[in-house]
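Keep the sequence and the 3D view side by side as you read.

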Amino acid sequence: MKRRTFRAEGAQVGRPVAVAVAAELGLPEEQARKLVDVGAVYVAGRRCRDAKAGLVAGQVVAVVLEEGGQSPLADAPPAPTFQVLHEDADVIAVDKPAGLPAQPTEARVGSSLVDQVSARLGRDAGLVHRLDRETSGVTVFGKTPQATSALAAEFREGRARKRYVAATGPGLPGSGTVDLPLSKDPSRPGRWRASRAANGIPALTLFRTLYAGPEFCVVELLPQTGRTHQLRAHLTALGAPILGDSRYGGAAGAGGVDAPRCLLHAQALELGHPRTSAPLRLEAPVPEDLLRFFTRAGLEVPRGAIAAALDGG
């Protein structure tokens, strides 16, 4: 990511943020206003969407000039859209497609899942958990502040139960438990390592291998904790990274079947309903790119699997 920062001093104090950005970066004011409009400008650490907001002495302004090799002003490709899995007065649950970020990136707003769901609701959607950009599957939002708070507590207090499926490299045993702490990998920014050698945060994953072949495995994953990149790092520690997960060494495919992205899918989620506390069970169908590995392995596509998997069947 490429960014430029400056501090409001002298003539910049009191100026509208777009005017100050234009002067500091040597840009036309119209272009500076567009940077504010798309969400690429931060004032005092907070995204600024008001081009006319006056700067206060000492405030630090940061402007994202490039993210992922692309200017924030470049036309964004059409964002994939979501499917609604469940909706009531308190909750909306959707099937997040792969390739759609869960929330706005540093350089842009308007094309994330939370933006799309908020647009559907006509108000801010309460995001309570996140899937990585390339991970597909069940994502739940609160429709009111009270519902959002209650849903967040389900995750924070460990009551939310999750089932993922993935295609991985070969070599997984039939089942097992991965109890390895996670810590940031100092040699690879953006990656986490699963190891007892560092002072990491506890992370626990149960898994069951649905298919084990010479070229790939299909695996069911039941994370008992909800850490960043937990499943990706744990499978890498087992020597079978998720196919298509280039950050963690996953191959691009196996057996003539391409893996166009990290083939991890959040298939099922159970948590208490924020109003009634009754179990809310949600499932997202296995997407086509992962379905091809099920077909290749001769597996039946899991349907209604949450009851058996999450109840210990």
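Start at leucine 221: beyond its neighbours within four places in sequence, this residue is in contact (heavy atoms within 4.5 Å) with Lys162, Arg163, Tyr164, Ala166, Thr205, Leu206, Phe207, Leu231, Leu235 and Leu264. Before going further, please note that this is a predicted model, where local features need pLDDT of at least 70 and side-chain atom pairs count only at pLDDT 80 or more, while totals for chains, interfaces and linings use all residues. Residues are numbered from 1 along each chain as its sequence is written, and side-chain values use heavy atoms, with hydrogens and water left out.

Leu221 is also among the residues with the most contacts inside the largest nonpolar core, together with Leu243, Leu263, Leu264 and Phe293; this core has 31 residues. A nonpolar core here is a set of buried Ala, Val, Leu, Ile, Met, Phe, Trp, Tyr and Cys residues joined through side-chain atoms within 4.5 Å. Buried means under 20% relative accessible area, exposed over 50%, and partly exposed in between, using a 1.4 Å probe and protein chains only. Two or more residues each come from strand S9 (161-168), strand S14 (217-223), helix H5 (230-237), strand S17 (264-272) and helix H6 (288-297). Helices (H or I, at least four residues) and strands (E, at least two) are DSSP runs, numbered from the N terminus. H6 gives the most to this core, with 5 residues. A second, separate core has 23 residues, including Ala8, Ala40, Val43 and Val63.

Now for the aromatic rings. The structure holds 2 aromatic pairs. Rings of Phe, Tyr and Trp (its six-membered ring) pair if their centres lie within 6.5 Å; planes under 30 degrees apart count as stacked, over 60 as edge-to-face and the rest as tilted. Tyrosine 211 and phenylalanine 216 form a tilted pair because their planes stand at 40 degrees, with ring centres 5.2 Å apart. Phenylalanine 216 is buried at 2% relative accessibility, whereas tyrosine 211 is partly exposed at 23%. The rings of phenylalanine 216 and phenylalanine 293 have centres 5.1 Å apart and planes at 85 degrees, so this pair is edge-to-face. Phenylalanine 216 sits in the loop between strand S13 (204-212) and S14, and phenylalanine 293 in helix H6, so the pair ties together parts 77 residues apart in sequence.

Finally, look at aspartate 90, in the loop between strand S5 (83-87) and strand S6 (91-96). Aspartate 90 is buried, with a relative accessible area of 7%.
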